[in-house]
Each structure stands twice: as structure tokens, then as C-alpha cells.
Amino acid sequence: METLSLNVSLLRRRVPNLTSAAKSVGLRPATVSNLCTGKIPVGRSEVRTLVALASLAECSLDELIIRGETVEMIETKIKTLDLFAPLAQGGTVGLVSRPGMGQLVVVTELFYRLRKDGFVTVLLKPEGDYPEISDILDYVDIAATSIEDAYEKMAAAGKDKEIAFAADRSHVLTGKIYELQEQLEDIGVQNVTTFLVDLKGEVVDEDLPYGPLETLWRFDADLSVRYKFPAVNPVYSTSSVLEGAHIDQHHFTTQQRAQKLLRRYHELRSLVNVKGLESIPKSEITTYKRGERLEAYLTQPFYVAEEFTGQKGESVSLKNTINDVRKILDGSSDSKDVEALTYIGKLS
């Protein structure tokens, strides 16, 4: 079957304010977001939706739909990201989080890991006073003070380097981030993977966070409150990398099974919190306990947090993550305590 995907970068350039533009032609912003990240495959979307998007972007359907190209993932060796919402190489990832949920820790950790893999790390400093960004500066090769400064420094880094670039939403609202991406592409610098954060936490309440994205990481208040980090919600985070033809079938089926289990676990957890474990049917207790174990396994010690947690950072290959999650889903870890699965690397 032919691989079809949406030309997200074209949409970014042509329709900077996609939220209001989508609403103006009768499209739900959430539907557009799901199409961009691949949660709704292009092959299963309504023709009228694609025609409306092509009209907004003032392009043909052939320009809007990319045929036969795959989206490559960057393996971060962070379990929950690689399995549920992989990082698209050269794409844009949006972090949807309120302050205090750990979004900057995740970006700092990724900068640490990507830098070790040869990436040049670039931070566009936000306007205003945000002392919380001080920790990330230790892992930044280039700290830019303006869009123009970022362009000059990334252009100087060259076409042969992989670049990890982080910026705050304040630069997204002006449309300048998308202009920057276009300018870099025009001079042949196409290997920039962009991380967009929202230091004010306002993006949580929007239907189409940041506009078109290849990857969306939605942080979860409940996970954060219970110190289950990284607090990225594995059910509501997504990536265009997950469109069927782009990934190994074991990855796709494991991700789907794990999401189904976690969805049901969260429903059962609401009951258990109020009425206790005895309130759910015996047939559901196994589901609940496996969901609890899987949630625990998806926590992970970070290298950049070692001095605060006293725990050594852990990296887990995607292959090991898939194998471990399948063991939990199939019941091989039913005898393990939840505590024994919390903040570990791979299963022993």
C-alpha cells in the first residue's frame, strides 16, 4: 500500500494561524491536528477536509499530500517517547504542558542525549525573565538572543550537522519560527529538529497547539502529581512516525495494545481511588494491575537529574522497550512488585 502523509512543513509556511483558518472553513482544529501528527491517517480522512486544507494553503492536493516518503524517527532511548510518540527527524514537536510538569526537564534531557549523538543544540532564549531555563543552558551549544541571531548561527553550523533547536511559544505566535524554518530550508539547512515549549502554560487549552506538528507530547497533571516522570501522557501524545508504513509492525501493535491497556487502567483507577480495589470486577483486576505495572515501567531516571534524585540516568533501546512492554502486557511480569518496576531502565 502506498504511504501517504500530510505535507506539514508546507502547511506551517502557508497557513501560520491554522486554528482560526481551520475554523473559518468549518474544520475542527483537533481533526487538523490529528491529521498532521498522523493520528488520523491521510488515507482515512475525508476528501472535503483535504480539499479545504489545500485551499487554505493555496496549493494542489498533490502538493499537500506526500506520497511514498517515510518519516524517520530519532531514537531517544526514553521509553515512553520512543514507544508512544516518536521524535520525527527534521520535524517539529510541540510540548503541551502547564508549568511544573517537567517539560523543560524533558527538553534538557533530550539536548544532553542528542548532543552526545553529535547534534548541535540551539536555544532561542525567550523574551522576558524565565530563570527556569538556566538548567538547560549547560547543554546548549548555541544560545541565540533573536530569530535573526538563531538563523545566522544555524546557517554557520552548516548543512552537514544535525541540529536540535528549542524555542518558546512566544516566537510561534509571531509566525517568526516558521519563517526561520523556511529560510533555513532555502539555504539547504533541512536537518533541524525543532522543540516548541510553552513556558506560560497557555497552550494546554487550545485545540491546535502551535499549529501543524509532526509530533505532539501532551503532559499529564495526574502523572506529575504522583511523581511519574517523564509525565508525558502515552494515550494523548502522538507522532506522524506512527503512521503504519513508517514503523516496524511489532512497534505499532505493541503501542496499540499498550495504549488500550492504559486507557482502561485509567478508567479503573478512577473507581479504585474512590471505592477501593474491591469495587472493580475480578475479571478487571488483572487489567488494573498490569496497567499499574506498565505505568511504573514507563518512568525513567534522567541523566540531567542525577544530582537531584541520586539515581543514575538510564537509556533503553526501542527494541528493549518493545520487548519489555510485551512481557508486561502478556503477564510475564505479573509477579513483580510495582515498586520494582518504578524508575528502572530495562527489565532485568
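**Exercise 1.** How close do the axes of helix α13 and helix α15 come, and at roughly what angle do they cross? Describe the arrangement of the two helices in this predicted model.

*Solution.* 
Step 1. Helix α13 covers residues 282-297 and helix α15 covers residues 318-330. Their axes come within 9 Å and cross at roughly 160 degrees.
Step 2. Angles over 145 degrees count as roughly antiparallel. Therefore α13 is roughly antiparallel to α15.
Step 3. The crossing of the two helices is right-handed.
Step 4. On the α13 side, the residues in contact are Arg290, Arg293, Leu294 and Tyr297. On the α15 side they meet Asn320, Thr321, Asp324, Val325, Ile328, Leu329 and Asp330.
Step 5. By class, the residues of this contact divide into 5 nonpolar, 2 polar and 4 charged.

**Exercise 2.** In what order do the 7 strands of the open sheet lie? Identify the edge strands and a helix that lies across the sheet.

*Solution.* 
Step 1. The order is β7-β6-β8-β9-β5-β10-β11, and the pairing is mixed.
Step 2. Strands of a sheet pair through backbone hydrogen bonds, either parallel or antiparallel.
Step 3. β7 (142-144) and β11 (238-239) are the edge strands, since each pairs on one side only.
Step 4. Helix α8, residues 147-157, lies across β6 (120-124), β7, β8 and β9. Helix α8 runs at about 150 degrees to β7.

**Exercise 3.** Which strands pair with β5 in the parallel sense? Decide also whether the residues of β5 are buried or exposed.

*Solution.* 
Step 1. In the sheet order, β5 stands between β9 and β10.
Step 2. With β9, β5 pairs in the parallel sense over 3 bridges. Thr92 has Thr194 of β9 as its bridge partner.
Step 3. With strand β10 (residues 215-218), β5 also pairs in the parallel sense, over 4 bridges. Here the bridge partner of Leu95 is Trp217 in β10.
Step 4. A residue counts as buried under 20% relative accessible area. Strand β5, residues 92-96, is mostly covered, with 5 of its 5 residues buried.
Step 5. Sort these residues by face. Thr92, Gly94 and Val96 lie on one side, and Val93 and Leu95 on the other. All are buried, so both faces of β5 are covered.

Technical notes:
Residues numbered from 1 in each chain as written. Predicted model: local features only at pLDDT ≥ 70, side-chain atom pairs only at ≥ 80, totals over all residues. Heavy atoms only, no water. Pairing = 2+ DSSP bridges. Contact = heavy atoms within 4.5 Å. Axes fitted to C-alpha atoms, helices over the stretch in contact; angles between N-to-C directions. Buried < 20%, exposed > 50% of the residue type's maximum accessible area, 1.4 Å probe, protein only. Parallel < 35°, antiparallel > 145°, perpendicular 65-115°, else oblique. Left-handed = near helix turned anticlockwise from the far one by under 90°. Nonpolar A, V, L, I, M, F, W, Y, C, P; charged D, E, K, R; others polar.
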